Each structure stands twice: as C-alpha cells, then as structure tokens.
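The stops below may be selected in the order given.

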Amino acid sequence: DLKLMKGMGFNSFRTSIAWGRIFPNGDELEPNEAGLAYYDDMFACMNELGMEPVITLSHYETPLHLVQKYGSWRNRKMIDFFMNYCQTIFKRYKDKVKYWMTFNEINETMNKKNPYHQAGILFQEGEDKASTVLQASHHMFVASAKAVILGHQINPNFKIGCMVQYPESYPATCQPIDQIAKREYMLFTHYYLDVMCRGFYTNTCLAKQEQLGGKLIIDEGDEEILRKGTVDFIGFSYYFSSIVSYQRDGSINAKGRNPYLELTDWRWHIDPLGLRVALNELYDRYQIPLFVENGLGAVDQLNEDGTVDDQYRIDFLGKHIEALKQAIKIDHVDVIGYTTWGCIDLVSAGTGEMKKRYGFIYVDKDDQGNGSLKRYRKKSFYWYKKVIETNGQTKFE
C-alpha cells in the first residue's frame with residue numbers, strides 16, 4: 001500500500017499508532033516489543049520512499065482494558081497511562097517522525113449520545129453525562145499538553161498538533177438569532193481548540209460549560225500545564241457544511257437542506273468554498289499553521305476490466321483543492337499540509353460500511369467481509385498523481 005501511495009507521488013502520509021499494539025492493556029509498565037518493531041519497519045519503509053510520517057497518537061482506539069477497568073478518560077489515571085505510551089513512542093521514533101497529532105477529532109468527545117468512538121466513554125445508568133464529558137475532556141487536555149511538553153523536551157524539532165472535526169456552518173437565515181445559533185453550534189469545536197491552542201478555558205469555554213450544566217474539577221497545577229503545552233498546529237477534518245437555526249423549543253437545528261449545494265451519496269453537503277471559509281475562520285482565530293483532512297465517501301463501481309471511473313471524486317477534490325489554494329494565495333492562510341481520507345478504501349468509522357469508499361485505490365471487499373482484498377487503481381489515482389506532480393494543478397488536458 002505504501003508503494004502504491006508513493007506511485008501517486010505522496011511526500012507525506014498521515015496514519016496512526018495503535019496504542020494497543022504498544023501497550024495491549026494500556027496500563028502495563030513495559031511496552032510490547034513486537035508492536036514497536038512493526039512501526040520501526042513501517043517508518044523505515046516510509047522514509048525510504050521519501051514520505052514524511054504524520055502520526056496521530058490516539059485515533060479512536062483507546063485500549064479496551066482501560067475502558068472496562070478504569071472507565072476510560074473519565075478517570076484521571078488515564079493521563080499517566082497515556083504519558084507512559086507517549087514517552088515510549090517519542091523516544092523510539094524521535095529521529096523518524098517529526099509531525100504528531102495527539103487525539104483524532106477530539107471534539108467528538110462532546111458527542112453526548114456516543115463519545116465512545118473518541119474517548120472510550122460508555123455512559124452508566126443515572127450518570128451525569130455533561131459532567132462526565134467535561135471531566136473526560138479536561139483529562140485529555142492535560143494529557144495532550146503534557147505530551148506536547150514532553151515531546152519538545154525529547155526532540156525540540158517535533159511539531160505536535162491537535163486535531164478536530166470542523167463542522168463549518170452557516171446561519172439558515174439573516175435573522176440575528178440564527179447568527180447566534182451558528183455561534184452556539186460551533187461552541188463544542190472552539191471549546192477544544194481554545195484550550196489546546198490558547199492554553200486556558202476562554203469565555204467561549206465557560207459559556208459551553210454553563211450550557212451543558214455539568215461540573216468540572218481542575219486539579220492544582222493543571223492550568224500551568226495547559227498554558228505550557230499549547231499545540232504547534234491545528235489538524236482538522238472538513239467534509240461538508242451545515243446550515244443552523246434556532247427552533248421554537250430553543251434547540252438548534254443543523255440538519256437543514258442548503259438549496260445552493262449538491263449532496264453526496266450519504267447526503268452530506270458538497271461545499272468546496274466552505275473549506276476556504278473554515279481555513280480563514282481557524283487561522284483568523286488562532287494564527288497557527290493548519291493541516292487539512294478532506295475526502296469524499298461514495299459508492300464506487302468496479303468494472304470488469306479492473307477500472308473505477310470515479311470522476312465525481314476528481315470533481316470533488318479538485319474544487320476543494322482550488323478553494324485551499326485561494327485561502328493560501330489570496331487570504332495568506334498558513335497551510336502546512338493537505339491529506340485525503342483515505343488513500344485506500346477502508347471500513348467507514350462512522351457507518352461501519354465498506355461501500356462508503358473514500359480511496360484512490362479500490363479494495364475488493366464488501367460490507368459482509370467477502371472479497372480478495374486485491375487493490376485496483378481508480379481513475380482518481382492517476383489524476384491525483386498529476387496534482388502532486390504539478391504542486392496543486394487540478395485540471396489537465
């Protein structure tokens with residue numbers, strides 16, 4: 001797979017280290033050498049191919065033992081377990097990896113219906129969900145900040161960022177109340193970014209805490225750690241935009257249909273210019289470099305001759321890349337990277353499907369797990385190769 005990616009000209013590849021490969025239970029004192037060796041080989045291969053590793057430390061894979069025994073990130077002990085993991089990883093790969101992200105889409109922890117993906121939180125009967133989410137988030141903030149501080153001590157050249165899912169949104173109408181609705185809808189994202197980028201709980205954070213109504217315990221020394229452990233850059237995923245409005249019952253609706261935009265097969269709004277808007281919002285607010293994740297999930301058809309004509313993916317990515325270029329060239333936004341989700345077809349984390357395909361490379365496997373796993377280059381594979389060769393051109397003869 002790495003050689004296929006290099007065949008497109010990749011100069012970087014964003015992937016993750018599975019915490020459970022290094023510490024299978026998560027609370028061991030000594031790491032699993034076989035797991036470390038796996039990434040030794042992987043990074044050596046990437047370095048040999050001229051591909052810069054961009055590594056996420058925790059990407060929706062909290063070790064199950066930590067969930068079952070400790071209650072995952074609601075428990076402050078998780079900070080020490082995470083730091084043991086980070087120290088092992090940073091020291092082992094300090095000369096092989098420069099770019100790191102702490103937690104993938106950390107703001108999904110505030111998904112009160114299902115924070116399990118991100119934070120391993122399974123709500124207990126009668127539990128104060130708001131307090132649990134706030135406390136788990138705080139523990140992750142402290143862990144992220146301590147990881148930044150430690151990483152810079154081990155290798156001052158490390159660049160360590162955060163990563164959020166960025167839900168770009170527009171007010172549904174020009175009513176002033178819908179402008180407030182947009183702000184409140186974005187609070188759960190800015191809550192995480194404000195703490196990790198600015199190093200303290202801002203007025204935005206306090207407003208969100210009051211809105212949730214939960215209680216938060218901050219231990220002595222935490223505030224200093226947050227101040228010292230601010231991130232070097234922001235990674236964010238952008239796939240679609242939403243329109244938001246207040247409802248009569250005081251709730252916010254973000255599921256309205258934007259009549260100016262087309263939809264994907266999964267009814268997500270296709271909004272390339274929304275990426276430019278998002279880049280400007282983030283850079284104006286935080287003034288640190290940005291790293292983009294972007295892609296299109298679609299139903300692809302493998303033809304008898306082994307080809308896949310995914311012109312729709314080419315159109316989608318091409319327009320988003322053009323918007324990215326506008327943000328860089330016209331708006332002077334500092335963008336250090338653009339990666340697509342995903343390079344090869346994989347099981348969708350959101351829906352558990354193979355048929356929701358994102359890759360430039362088709363993988364022969366269906367939703368029931370049947371298939372040869374053989375790889376086939378899609379039409380977009382050859383197009384993206386030219387995009388990289390030309391440093392961002394999107395239209396070719």
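Select residues 272–286, which form helix H11; helices here are DSSP runs of H or I with at least four residues, strands are runs of E with at least two, and both are numbered from the N terminus. Helix H11 has 15 residues and spans 22 Å from its first C-alpha to its last, close to the expected 21 Å at 1.5 Å a residue; that expectation is 1.5 Å times one less than the number of residues in the helix. The model is a predicted one, in which local features need pLDDT of at least 70 and side-chain atom pairs count only at pLDDT 80 or more, while totals for chains, interfaces and linings use all residues. Residues are numbered from 1 along each chain as its sequence is written, and side-chain values use heavy atoms, with hydrogens and water left out.

Which residues of H11 are buried? Highlight Pro272, Gly274, Leu275, Ala278, Leu279, Asn280, Leu282, Tyr283 and Tyr286. Buried denotes a relative accessible area under 20%, exposed over 50%, and partly exposed in between, with a 1.4 Å probe and protein chains only. Next, step to glutamine 287, which follows H11 and has a positive phi near 55°.

Two further residues with positive phi may be selected in loops. Arginine 267 is not a glycine, yet its phi is about 60°. Arginine 267 sits in the loop between strand E9 (262–263) and strand E10 (269–270), and it counts as exposed at 61% relative accessibility. Leucine 373, also a residue other than glycine, has phi near 65°. Its place is the loop between E13 and strand E14 (375–377), and leucine 373 is partly exposed, with a relative accessibility of 42%.

Now centre on glycine 342, in the loop that joins strand E12 (335–340) to strand E13 (361–363). The peptide bond leading from tryptophan 341 to glycine 342 is cis, with omega near -20°.

Turn next to two buried positions. Glutamine 118 belongs to helix H6 (residues 116–119), and it is buried at a relative accessible area of 1%. Leaving aside residues up to four places away in sequence, glutamine 118 touches Tyr60, Thr62, Phe103, Asn104, Glu105, Ile106, Glu108, Thr109 and Met140; a contact means heavy atoms within 4.5 Å.

Is serine 169 buried or exposed? At 0% relative accessibility, serine 169 is buried. Serine 169 lies in strand E5 (residues 169–171). With residues up to four places away in sequence again excluded, serine 169 touches Lys182, Tyr185, Met186, Ser242 and Val244.

Finally, zoom out to the whole protein chain, which contains 13 helices and 14 strands. The radius of gyration is 21 Å, close to the 21 Å given by the globule rule for 397 residues, so the chain is as compact as a globular protein of that length. The radius is taken over C-alpha atoms, and the rule is 2.2 Å times the number of residues to the power 0.38. Along the principal axes, the C-alpha atoms fill a box of roughly 60 × 60 × 45 Å. Buried residues account for 52% of the 397 residues. Of the contacts between residues at least 6 apart in sequence, 71% join residues at least 24 apart.
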